[in-house]
Amino acid sequence: MDLPAISTSMSMSGARPKGALRSEELLAEVMSRLIGDLRHVAVGAQSPVPAAAAMLARVRGGGGTYVSILESRTHNFFTDGGRELFDCAGQGRLDAFFLSGGQIDGEANINLVSVGDYRKPKVRFSGSFGSAYLYFVVPRVILFRLEHSRRTLVEKVDFISAPGTSPKNLYRPGGPIALVTPLCLFAFDRDQKRFRLESVHPGHSVEEVTENTGFDFERPGQVPQTPPPSPQTLRLLREIVAPELADVYPKFTASVFGIESRA
């Protein structure tokens, strides 16, 4: 459901010296707080940071949160792939999901199809794969983009794969609640159809967020800094969550945590 980060100055970092806080760990903590103690969270097969967040939420909640990672042999009760996922979501048995896109705009519309003219696109993405359906039925959809730039966070997407909001006379139990990037956390107001800057990550500023965001957003007079993970949270991520994810995301856990797959 998501796209790989594009290597720019705003992209995710590689491995840092042992003991230092990594941007991936900070984002996992931010996403984990958004999950809270929900019953069931599903994660796409190409979403290692959201997967780490979901597993962290499960560990902190004493195992009360069920985590389904698509294509994982260990953390996945679905036996019929995407069809079973969609059925589960439609029955109201999926509480949270993560979505990303080649473009995301200020009304939380997602573009997973193409950039430029649809018939002669400049860039062609991987496709929607049911993202619009899940966007409508999953109550808490957490958007994320691992590149925070004006080419990814745009004023208006070139193609709407999945709309962020719907007319008030249309029944829609699901939709976006937030957008997480390497620079900040945005909350989304479905009634106002607008993002609000909730916090800026350590080492970054409101000015940097504004400069690299293509859409307008609300902001308080004083924007707080995103709280970093506690030492206890980092221990859980590094010693419990990362080894659990090594078989599913071997490149991610090797580059970020220095943990090799056990397979």
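pLDDT is the predictor's confidence in each residue, from 0 to 100. The mean pLDDT of this protein is 90, and 92% of its residues reach 70 or more. This is a predicted model, in which local features need pLDDT of at least 70 and side-chain atom pairs count only at pLDDT 80 or more, while totals for chains, interfaces and linings use all residues. Residues are numbered from 1 along each chain as its sequence is written, and side-chain values use heavy atoms, with hydrogens and water left out.

Residues 1–11 have pLDDT below 50, with 39 contacts beyond near neighbours in sequence. Contact means heavy atoms within 4.5 Å. Residues 13–17 also stay under 50, and the model has eight contacts for them beyond four places in sequence. Where pLDDT is low, the predicted coordinates should not be read in detail.

**Cores**

A nonpolar core is a set of buried Ala, Val, Leu, Ile, Met, Phe, Trp, Tyr and Cys residues joined through side-chain atoms within 4.5 Å. Buried means under 20% relative accessible area, exposed over 50%, and partly exposed in between, with a 1.4 Å probe and protein chains only. The largest core has 40 residues, and Ile-35, Val-41 and Phe-98 are among those with the most contacts inside it. Helix α2 (residues 48–60) gives this core its largest share, eight residues. Helices (H or I, at least four residues) and strands (E, at least two) are DSSP runs, numbered from the N terminus. Beyond four places in sequence, Ile-35 touches Val-41, Ala-53, Ala-54, Ala-57, Phe-98 and Ile-142. Another core lies apart from the largest one; its 32 residues include Cys-88, Val-138, Val-141 and Leu-153.

Three strands form an open sheet in the order β5-β4-β9, with mixed pairing. Two strands pair if DSSP finds at least two bridges between them. β5 (110–111) and β9 (153–154) stand at the edges with a single partner strand each, so one side of each has no neighbour in the sheet. Strand β4 (residues 103–105) runs parallel to β9, joined by two bridges. Ile-104 stands opposite Leu-153 in β9.

**His-201**

His-201 sits in the loop between β12 (194–200) and α5 (206–211). His-201 is buried, at 1% relative accessible area. Its side chain makes a polar contact of 2.8 Å with that of Thr-226. A polar contact is a pair of N or O atoms within 3.5 Å; within protein, one must be able to donate a hydrogen and the other to accept it, and residues adjacent in sequence count only if both atoms are side-chain atoms. Among the other contacts of His-201 beyond four places in sequence are Leu-26, Pro-182 and Gln-225.

**Aromatic pairs**

The structure holds 10 aromatic pairs. Rings of Phe, Tyr and Trp (its six-membered ring) pair if their centres lie within 6.5 Å; planes under 30 degrees apart count as stacked, over 60 as edge-to-face and the rest as tilted. Two pairs are set out here.

| Pair | Centre distance | Plane angle | Type |
|---|---|---|---|
| Phe-86 and Phe-129 | 5.9 Å | 55° | tilted |
| Phe-195 and Phe-215 | 5.3 Å | 25° | stacked |

Phe-86 lies in helix α3 (residues 81–90), and Phe-129 lies 43 residues away in the loop between β7 (123–124) and α4 (131–137). Phe-129 is exposed, at 53% relative accessible area. Phe-195 is in strand β12, while Phe-215 is in the loop between α5 and α6 (231–245), 20 residues apart. Phe-195 is buried at 0%, and Phe-215 is buried at 4%. Ring pairs link Phe-186, Phe-188, Phe-195, Phe-215 and Phe-217 into a cluster.
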